[in-house]
Amino acid sequence: MNVTEFDYLVVGSGLAGLTFALHAAEHGSVCVLTKAELTESNTNYAQGGIAAAVGESDEWQLHEEDTLVAGAGLCDPEVVRFLVQQAPAEIEWLRSLGARFDIHLGREGGHSRNRIVHHGDNTGWEVERVVSDAVRRNEAISVYENAFVTDLLKDANGRVAGLRAHVADRGVRCFKGRAVMLATGGAGMLYARTTNPRVATADGIGLAHDVGAEIKDMEFMQFHPTVLYHQQLRGFLVTEAVRGAGGTLRNHHGHRFMYDYDERLELAPRDVVARSIEREMAKLKTWCVYLDIAHLPAAPLMEEFPTIWSKLRELGIEMEKDWIPVTPGQHYSCGGIVTDMQARSNVPGLYAAGEVARTGVHGANRLASNSLLEAMVFATSAARSVKSEPVGGALTESPEPKSIAESEAVRIRHSIQKSMTEKAGVFRTTAGLQDAKRTIDGLLAEYGQLPSAPFLAYSRETYNIAIAAQYVVDGALARTENVGLHFNADLVTSQTPVAPIK
Ligand SMILES: Cc1cc2nc3c(=O)[nH]c(=O)nc-3n(C[C@H](O)[C@H](O)[C@H](O)COP(=O)(O)OP(=O)(O)OC[C@H]3O[C@@H](n4cnc5c(N)ncnc54)[C@H](O)[C@@H]3O)c2cc1C
């Protein structure tokens, strides 16, 4: 085996991966492998911002309380406290790298104070810009773009001590390090409709599963209620700040249907609004509903929502005149690889941070704008603890994971997405989940039986999607009550408190 050696290996170049790389580079050599361009990530598309108790009337205890309420009793309180206490320092760190944030703090559903640090409506782009610039300038960090990580490699003691990747123009390469940080982001591609970019194929879940890491809470999948419904711009998110600015939801007859579902109307928590929209679409047999902000003139809309305003305009939709067609779509995965406060998994040598990790911060539902924060906080603490990792032994030889023909992988992926969208989405039933389980187990078995084909990233992604889908469905079937984001119409709903939207 031809092996390249570094101190630390990082898979993924979103906020979690690059935060870890920058801190770890203070005490060792770092290799970042990422399967597309450096900045292509969920991070790059984040709109709203980063939650931090930095306002005059705010304090971390209030941020803590809001996070715990959103998590519906399933958060780990110690981890939540750590998260909110670290938040102001992480914002300062981003500023020190050159991040530009607006002077006023934003407000989002579930937050009892104005505490969203943001850069207009494209905060993710701004933070990804500063961390990727810093990484490119850092001589201790080597970046491999278009490098698809196919599997993790262990030493003879069972420690994760390296990985294998297909690197564009260089072929298969093995890398060795004292620790591997998985920062592969979300799982949007499990579903037919998602706000996530194409790279969000749950690869970290598949990679970690194959080395025996514990994975939990994948049934807590967050769906954003207002994703643009348009063929030319699939998955484009229309931030809830539009509803915060007075946007109302209407059905095809123009009726403001949230009056029929929840007294908090459009500012009810995301899961409540998403379920109401799905119900309304089913009732009227339509593919979307409409978001109406046409009572506001063009100037404040342009100023407050520059990205959304210009994207919609390119499609011929004028926010100040037209209703915006929207539908719920998968947005965020609360569960993932179980990690401790130093981002360590249960497998020695394997760390995870960001959306792929299950830190205990989100419980059954994520509070808006806590995920960019979580990505930084635990990547930072991982970089501190990784110093004490011993150097692993020689990598054990193992066969390359299997790829199948593209046409088969496409068929399998589409079948999973259809099944997950229809049976394991916003609304679930026990029979539907059992049906999804049969479908996904069957497709995964088929993947194993089909003839091997030369390496194909799409095929490996499809395998990872299938593994993650199994965790979602198995987790959902194992839940005996509706809590947070999990809603099975056959179960009794517990009266979980939700934060009042003020
Ligand atoms: C439209 C949108 C808006 C959002 N708005 C907000 C917001 O306002 N506030 C907030 O807190 N959160 C928001 N989120 C969520 C937040 O952006 C993500 O949870 C967060 O950015 C995840 O960061 P990450 O570093 O874990 O992963 P990502 O940023 O997704 O990065 C994952 C990286 O891993 C790479 N990768 C994956 N698999 C492999 C592989 N096999 N080999 C090599 N590389 C691989 C990818 O290419 C990518 O570089 C939003 C998300 C979306 C999609």
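**Exercise 1.** In strand 8, which residue is the bridge partner of Val149?

Some ground rules before the solution. This is a predicted model, where local features need pLDDT of at least 70, side-chain atom pairs count only at pLDDT 80 or more, and totals for chains, interfaces and linings use all residues. Residues are numbered from 1 along each chain as its sequence is written.

*Step 1.* Find the elements: helices (H or I, at least four residues) and strands (E, at least two) are DSSP runs, numbered from the N terminus. Strand 7 covers 147–154, and strand 8 covers residues 160–167.

*Step 2.* Check the pairing, which takes at least two bridges found by DSSP between two strands. Strands 7 and 8 run antiparallel and are joined by seven bridges.

*Step 3.* Read off the partner of Val149: it's Ala165.

*Step 4.* Look at the turn. Five residues separate the two strands of this hairpin, and Gly158 there has a positive phi of about 85°.

**Exercise 2.** Now go to the other partner: how many bridges pair strand 8 with strand 9?

*Step 1.* Strand 9 (residues 171–176) pairs with strand 8 in the antiparallel sense, over six bridges.

*Step 2.* For a spot check, Leu163 stands opposite Phe175 in strand 9.

*Step 3.* This hairpin has three residues between its strands, with Asp169 in the turn at a positive phi of about 65°.

*Step 4.* Seven of the eight residues of strand 8 are buried (20 or more other C-beta atoms, placed from the backbone, within 10 Å of their own), so strand 8 is largely enclosed by the rest of the structure.

**Exercise 3.** Which residues of helix 5 are buried?

*Step 1.* Go along the helix: the buried ones are Asp203, Gly204, Ile205, Gly206, Leu207 and Ala208.

*Step 2.* That's six of the eight residues in 203–210, so helix 5 is largely enclosed by the rest of the structure.

*Step 3.* Among the elements covering the buried residues are strand 7, strand 10 (179–182) and helix 13 (457–478).

**Exercise 4.** What is the strand order in the open sheet of three strands?

*Step 1.* The order is 11-16-18, with mixed pairing.

*Step 2.* Strand 11 (215–216) and strand 18 (357–358) are the edges; each has a single partner strand, so one side of each is left without a neighbour in the sheet.

*Step 3.* Strand 16 (residues 336–338) pairs with strand 18 in the parallel sense over two bridges, and Ile337 sits opposite Ala357.

Notes: Buried ≥ 20, exposed ≤ 12 C-beta atoms within 10 Å, placed from the backbone. Contact = placed C-beta atoms within 7 Å.
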